[in-house]
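Have the sequence and the 3D view side by side.

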Amino acid sequence: MAALLGRSCRKLGFLSSGHGARRTVSTETGKSLNLYAAINQALHIALDSDPRSYVFGEDVGFGGVFRCTTGLAERFGKNRVFNTPLCEQGIVGFGIGLAAMGNRAIVEIQFADYIYPAFDQIVNEAAKFRYRSGNQFNCGGLTIRAPYGAVGHGGHYHSQSPEAFFCHVPGIKVVIPRSPREAKGLLLSCIRDPNPVVFFEPKWLYRQAVEEVPEHDYTIPLSEAEVIREGNDITLVGWGAQLTIMEQACLEAEKEGISCELIDLKTLLPWDKETVEASVKKTGRLLISHEAPITGGFGAEISATILERCFLKLEAPVSRVCGLDTPFPLVFEPFYMPTKNKILDAIKTTVNY
Amino acid sequence: MALRLRSSTSKSNFLNILRYNNLGFGTASHAARHLRTHDPTLLRVSQNPISRFCNTMAEKLSSVGENEDANAQVMDFPGGKVAFTPEIQFISESSKERVPCYRVLDDNGQLITNSHFVQVSEEVAVKMYSDMVTLQIMDNIFYEAQRQGRLSFYATTIGEEAINIASAAALSPQDVIFPQYREPGVLLWRGFTLQEFANQCFGNKSDNGKGRQMPVHYGSNKLNYFTVSATIATQLPNAVGAAYSLKMDKKDACAVTYFGDGGSSEGDFHAALNFAAVMEAPVLFICRNNGWAISTPTSDQFRSDGLVVKGRAYGIRSIRVDGNDALAMYSAVHTAREMAISEERPILIEALTYRVGHHSTSDDSTRYRSADEIEWWNKARNPLSRFRTWIESSGWWSDEEESDLRSRVKKEMLEALRVAEKTEKPNLENMFSDVYDVPPLNLREQERQVRQTIKSHPQDYPSDVPL
């Protein structure tokens, strides 16, 4: 698929320091990069720093349909960066074998919507490889990257958010970055993490998000959520592109006197319960938002856990503002999506409970 | 030059036009020079298939050649040149003859005259036969142990000992193995002890796998044998990735993966073979075509001439072998291995055999096949007796050695069983370790909770798992 990005109304200067935003300050100079350029940089660094690392998948040779793999084949050679046949189960299965021999296999699935043929390999092989062998073998060097999420006109098969399926699989990790700078650091962590990881990239942000990204080799820790905006009245938890929508809702809520704390989960499996718990114990209210359909979505896991841990501190039921329980529609996308106003309404309902 | 048309349909005009212009992909230099006309009005080759199409339609017929035999026409398409034919010809769904099967020893274990095979030394031949006997005895004893309730489950390799042992013998210890689940003989050949087999079957604390999986799910990194997983054919694409790694690391080794006739229907089979061919991976695909996938005979599994013909569909060199002929198996695998490594290519080996045992201890195969059929294969087509005949006629084996071996192995096996049964299970903490490299917080919390529950309700939990 070539260019999918469309609507001009979502130009974003990315998560600019709003009030209360905490962000680690980089001492190195950075360049303004978009998401695909930041990911590209991470891949260059990964391949450069480990000669036994490989990048492969459909169309990655010429740079990839989203340009994330630009320049890699030219720089590292076709033996390390190559196109595969059109077969997700083969791509991931092959990657597992490569990783099992101690290599870093950085696999690209062209769209998260197409990851399902590889689900057996991921669940029954990758996730259990170390455990079933008694730690004699592992495929920790495997990282699976896939673009996910709404894009304005993607419909059923170019918009899905399948993270919940994978969060149900002990043995793998699931990571979703919110921005270019985060993506580079998180991806490098995933690649170097000694466990198989599924890394979902918000395709909407490939070009739309631009941020200063340090040029050096850096990692951002996994399983550590980040409070990206401090507040006292309600905690909002999200990941990926949805955070930009949630932040807009937070800004508007603030105008009405509601102080919102916004948390980027980053790693969904294993997820940082402690950070969310501490925040909800402070605010007494929780709202979770994700694009994926609400039923069985990962928001349900967060809600149940927080209820267990914070029941007596809660002032209101946990709110979930999510995609609807339909296949991702085309014409009806604006109705399906968890929009800023849906979130804002839910914030107010929760605060006024 | 006027075009001489073969038919008057516009479609055929179009084809004729295409034929006479260099409209293949790629640079002009690789197009068929001899087909170019010298007409200066000929358009240059365009890379875009759509614009080529349009250009073609706009060309004058006069630019096209004549007096050429349609049958000699050759045309570039993406993927290379193809000759044309004006006849509607389908490739038949099957050859008139089935692909012949390579064998060296006849049913009675006599060497077939003029047969080609790789010479095997006395030492190797005797070890091969001894290991086949050991495997057979191990299978029988474990099977009985399950029937007696001492083991939860077992799956035998009866009838397929030659495939297991002879293939293993033809490989080097550095070749990495991706088994299905009916290849313990490969482990045995490499030095896995009877005690180690028993430990895994009992899931005790000496099990490499730490008691996590059902019996027969062996694995040994020391012996380069990846742990068995019950999912069918999932190991095939893994083996291709491993083979690619060996090639990139310039190792003198290949990956070898085993699967059954049933496994060849799985998507992972097709994925793996295609990848192996494209990636030029040094991997051996060894299919144990034993006629049955639980109760499903091969006639319900596929309609091709077995597995061997499928290799060509992927561009893979293939051979069909008598899987019950240890010498032929050895030769085929030995030869295939050399090809795979030196030529950096995959090889498909279809080993024809018969699954004499039931699918597993959860199966009674007399419900779907005749006891006579099973008996015939066990007696008349037994891989052990054929090979035994050959090594005896080579002067390398005797009845005395046979009975010595059998009684020794039986004794060792029963002892291994006894010890494994008595050995305690792995500690409870092994339930939570190795899910990840380091247990995450949620697992540490769950272990705490389970331990508390055990304190409250000890009777709910097996007493042989130490806490």
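**A strand and its neighbours**

B:D322 stands opposite B:L352 in strand β9 of chain B. This model is predicted: local features need pLDDT of at least 70, side-chain atom pairs count only at pLDDT 80 or more, and totals for chains, interfaces and linings use all residues. Residues are numbered from 1 along each chain as its sequence is written, chains are lettered from A and ligands numbered from 1 in the order written, and side-chain values use heavy atoms, without hydrogens and water.

Strand β8(B), residues 317-322, pairs with β9(B) in the parallel sense over six bridges. Two strands pair if DSSP finds at least two bridges between them. Strands are DSSP runs of E, at least two residues long, and helices are runs of H or I, at least four, both numbered from the N terminus. From β8(B) the chain crosses through helix α10(B), residues 326-343, to β9(B), and this β-α-β crossover is right-handed. That is, with the strands pointing away from the viewer, the path from the first strand over the helix to the second runs clockwise.

Strand β5(B), residues 283-289, also pairs with β9(B), again parallel over six bridges. Here B:N289 has B:L352 as its bridge partner. In β9(B), residues 347-352, five of the six residues are buried. Buried means under 20% relative accessible area, exposed over 50%, partly exposed in between (1.4 Å probe, protein chains only).

Now turn to chain A. Chain A has 13 helices and 15 strands. Of its 353 residues, 64% count as buried. A:F335 lies in helix α12(A), residues 333-336. A:F335 is exposed, because its relative accessible area is 58%.
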